Amino acid sequence: MNRESFAAGEQLVSPAYVRQGCEARRSHEHLIRLLLEKGKCPEDGWDESTLELFLHELAIMDSNNFLGNCGVGEREGRVASALVARRHYRFIHGIGRSGDISAVQPKAAGSSLLNKITNSLVLDILKLAGVPTVTNCFVVPMATGMSLTLCFLTLRHKRPKAKYIIWPRIDQKSCFKSMITAGFEPVVIENILEGDELRTDLKAVESKVQELGPDSILCVHSTTSCFAPRVPDRVEELAVICANYGIPHIVNNAYGVQSSKCMHLIQQGARVGRIDAFVQSLDKNFMVPVGGAIIAGFNDSFIQEISKMYPGRASASPSLDVLITLLSLGSNGYKKLLKERKEMFSYLSSQLEKLSECYNERLLHTPHNPISLAMTLKTLSEHQDRSVTQLGSMLFTRQVSGARVVPLGSVQAVSGHTFRGFMAHTNNYPCAYLNAAAAVGMKTQDVDLFVKRLDKCLKTVRKEQNKESNASAVENYNKTEDVDIEEMALKLDNVLLDTSQNSS
């Protein structure tokens, strides 16, 4: 209600009570005004009443919610289901215009304001997370793979002769398909083994750039967040190579916002060399439903070019989800989540190391990977690969999600390219292993339950292995016994035959 409404209310209820209610509303409005003025994530999270007031105020600015609206076009924000309308807080028009996802939409001032403030808050969080010099970003209603494709398609207009993308190998299908979908040929650079870690082969990257020629290369496509024993690419060194040869550099930072180490790599890469854009997922970093990503960079005009490349309007759902989440958490709440994630990584590491020792396994030494861990499965793979894959199936049926069991020698074809040792990020990793990650939002009880169930599964697999080994030993023994009896009988027959012939 506005001042006039409150004044009218004083005729019905005690003015003292109405003024008290008016002051309460002003406290909500003060938070909203600060958000719009500063465009930064509030330090402390908002309560739900403030959030709903803010969203309601924005929604009634959209034409589909005007009391006297008369829509005669093909896209007037009509919704058949009231449940769907409530699910979207009555933001029906989406964001952007047909020519630019970041443009203001005349029919939807509220949705446009929501889009602008969301992008501003996300930019603030990226700076807080470790990339202070990032200049621009926008939320796009596509997951990481398609968002990378959008970046590659934007670069196509700048580099019309280019047909290749230099890609240090990461065994994740959407990363590879993002380049294929954009119409480019990935040039796979195999990783090199350093200790237990799989790291970027910088010499191979530079050699391939020289072989193909810089003009024929669209960009280098590097990765920060990944499954151990692969570790983040040497982003700084790659950025220097890109700067030296005048080649764009796109970084897949899928779930790297939650890692200060991954964000530091991007910041340093931009400082010493060249990074054109880095892409991160909304769901993995901000705990919202799948369907959105953030495209960010250090050159404001290039990020704007990418946003204009998106054809048509877009769903506002990812922007709405991350806006609600960040306002609920506040910057202090998000920093707390990042701190807890680091603690959970250390805890998960110590618990897995203890468990691995109980089974004569070991935790792989991958200090450059700040999110993912890997535990060897040598004693299982020595018997047969089936035991390794059986462990993965057992964990999944016991409701352990996210853990990956990687057997040796897996072959996978992706968009016409055959990867050997698929999921291991290299053709021949020395051993089979199991992955687990400490991601944002993980709790101590999650780690404890995982380790408990993994322990039970390992015991079960070991018992089955022992049964099979015993059965095999008995079978071999029986075969040996049969052979011995046959040999003795044959020798006796020969003796009897010799005796009979001598008698004759």
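Entry 1: I began with K284, which is partly exposed because its relative accessible area is 35% (buried is under 20%, exposed over 50%, partly exposed in between, with a 1.4 Å probe and protein chains only). UniProt lists K284 as "modified residue: N6-(pyridoxal phosphate)lysine" in an unreviewed entry; such annotations may be inferred rather than shown by experiment, and positions follow the numbering used here, with feature names shortened. K284 sits in helix 11, residues 282-286 (helices are DSSP runs of H or I with at least four residues, strands are E runs of at least two, numbered from the N terminus). Leaving out residues up to four places away in sequence, I found K284 touching A254, Y255, Q258 and V440, where contact means heavy atoms within 4.5 Å.

**Entry 2: ground rules.** I noted that this is a predicted model, in which local features need pLDDT of at least 70 and side-chain atom pairs count only at pLDDT 80 or more, while totals for chains, interfaces and linings use all residues. Residues are numbered from 1 along each chain as its sequence is written, and side-chain values use heavy atoms, without hydrogens and water.

Entry 3: Which order do the three strands of the open sheet take? I read 10-14-11, with antiparallel pairing (a pair needs at least two DSSP bridges). Strand 10 (372-376) and strand 11 (404-406) are the edges, each with a single partner strand, so one side of each has no neighbour in the sheet. The average twist is 25° from one strand to the next, taking axes as lines fitted to C-alpha atoms (for helices over the stretch in contact) and angles from 0 to 180 degrees between N-to-C directions. Strand 11 and strand 14 (residues 433-437) are joined by three bridges, and V406 has Y433 as its bridge partner in strand 14.

**Entry 4: helices on the sheet.** Helix 13 (residues 317-358) packs on the sheet and touches strand 10 and strand 14, its direction making about 0° with that of strand 10. Helix 15 (residues 385-397) lies across strand 11 and strand 14, at about 175° to strand 11.

**Entry 5: I180.** This residue lies in helix 7. I180 counts as partly exposed because its relative accessibility is 31%. Its contacts, not counting residues up to four places away in sequence, are P186 and S415. I also checked I180 against G416: they are 236 residues apart along the chain, yet their C-alpha atoms are separated by 9.8 Å.
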